[in-house]
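Have a look at the sequence and the fold, then read on.

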Amino acid sequence: MEIGLKWLIDAALDAHVEEIRQFDAASKPVAGPGNYEELRRVRARHAASRPPSGNRAAQQMAEAGGRRVPVRVTVPRETEIRGVYLDIHAGGFYIGSAAGDDARNAVLADSLAVAVVSVDYRLAPEHPWPAAPDDCETAALWLVERAQSLFGTAAFVVGGASAGATLAVTTLLRLRDRGLADRFAGAVLQYGAYDLSGRTPGGRLYADEYFIEAYAGHVADRTDPDISPLYGDLADLPPALLVVGQRDILLEDNLALAARLAAAGNDVDVRVYPESAHAFTFRPTGMAAAALREIDTWVADRLRCSRVAGGAPDPIATVT
């Protein structure tokens, strides 16, 4: 038996390698903020540069278990809704918004005939852990309770990138502990950070990043699975697609999570993209386009399997 990174990379992606090398060479490296003042400046730049979202997404308040969180809902223009995609945005737990995903979510809604529900979770350091996972859990519970009546379907997939992927896993762990994780047909996890404690070899590679201090610096033991899901009991979770770049500092962390998910008996699909750095799917390259197409195909297959199998159980009457 041979084990090596090359088995996780599709050789057909070599066609995009030179383009992404040139793109990265022409791009100015961007480091994350190192303190709160730098974070404020980064937030201001993001707010000034964000394009208008248009009027496609509708703002709504999700309520469950005595908690409330704003969400943005995007439905397909011309087809019936065949599933729901719970989107958890990227941003290191301290930047970004649901509105920032509007353009991608509109494409996703139309191409897959899904209602996309994007969570506007609270950001650190003003709202450190557990605010963000509380908000994501609230949105997920709201969907379990209301999706059938609101969208006519109970077939769900959850997805996130970077911090959003981390929160997608912690959300599923919380749902699993409630006996509800099987309501989700799959999870799309793009280059998440799964060991914020810095105790594993992969976690140590990014242990000095400010986002950890902002999000969970007040926690003495960051091996809590609600912060670092790599340390959790990962049994009985839905199938997962892990997407990560070969040059991403989080590559080793992602491979570690994939191994633990597989060892726990879950269905895991790992795809590594050559010469690709962190957040590569947000870049205007052929490599990103190829990854997004593969994600869409995987999501469509999961939702189709869910519908063929009869979909998720009927929504529960109440969520406690």
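Predicted model: local features only at pLDDT ≥ 70, side-chain atom pairs only at ≥ 80, totals over all residues.

A residue counts as buried under 20% relative accessible area, exposed over 50%, and partly exposed in between, using a 1.4 Å probe and protein chains only. Residues are numbered from 1 along each chain as its sequence is written, and side-chain values use heavy atoms, with hydrogens and water left out.

Helices here are DSSP runs of H or I with at least four residues, strands are runs of E with at least two, and both are numbered from the N terminus. The phi of Phe-93 is near 70°, a positive value in a residue other than glycine. Ala-113 also has a positive phi, about 55°, without being a glycine. You'll find Ala-113 in the loop between helix 3 and strand 4, and with a relative accessible area of 5% it is buried.

Where are the cis peptide bonds that join Ala-124 to Pro-125 and Trp-129 to Pro-130? Pro-125 lies in the loop between strand 4 (114-119) and helix 4, and Pro-130 is in the loop between strand 4 and helix 4 too. Omega is about 0° for the Ala-124 and Pro-125 bond and about 15° for the Trp-129 and Pro-130 bond.

**Helix 4 against helix 5**

The axes of helix 4 (residues 131-151) and helix 5 (residues 163-177) come within 9 Å and cross at roughly 60°. That makes helix 4 oblique to helix 5; angles under 35 degrees count as roughly parallel, over 145 as roughly antiparallel, 65 to 115 as roughly perpendicular and the rest as oblique. Residues of helix 4 including Cys-136, Ala-140 and Leu-141 meet residues of helix 5, among them Leu-167, Thr-170 and Leu-175. Contact means heavy atoms within 4.5 Å.

Helix 5 also holds Arg-176. Is Arg-176 buried or exposed? Arg-176 is buried, with a relative accessible area of 17%. Beyond its neighbours within four places in sequence, Arg-176 is in contact with Ala-181, Asp-233, Leu-234, Ala-235, Asp-236 and Leu-237.

**Rings**

A search of the whole structure turns up 7 aromatic pairs. Rings of Phe, Tyr and Trp (its six-membered ring) pair if their centres lie within 6.5 Å; planes under 30 degrees apart count as stacked, over 60 as edge-to-face and the rest as tilted. Here are two of the pairs:

| Pair | Centre to centre | Angle between planes | Class |
|---|---|---|---|
| Tyr-206 and Phe-211 | 6.2 Å | 15° | stacked |
| Tyr-273 and Phe-280 | 5.2 Å | 35° | tilted |

Tyr-206 and Phe-211 are both buried, and so are Tyr-273 and Phe-280. Phe-93 turns up again here, as ring pairs link Phe-93, Tyr-206, Phe-211 and Tyr-215 into a cluster.

**Val-272**

Val-272 is in strand 8 (residues 268-273) and is buried, with a relative accessible area of 0%. Setting aside residues up to four places away in sequence, Val-272 touches several residues, including Leu-5, Leu-8, Ile-9, Val-244 and Leu-255.

Notes. Axes fitted to C-alpha atoms, helices over the stretch in contact; angles between N-to-C directions.
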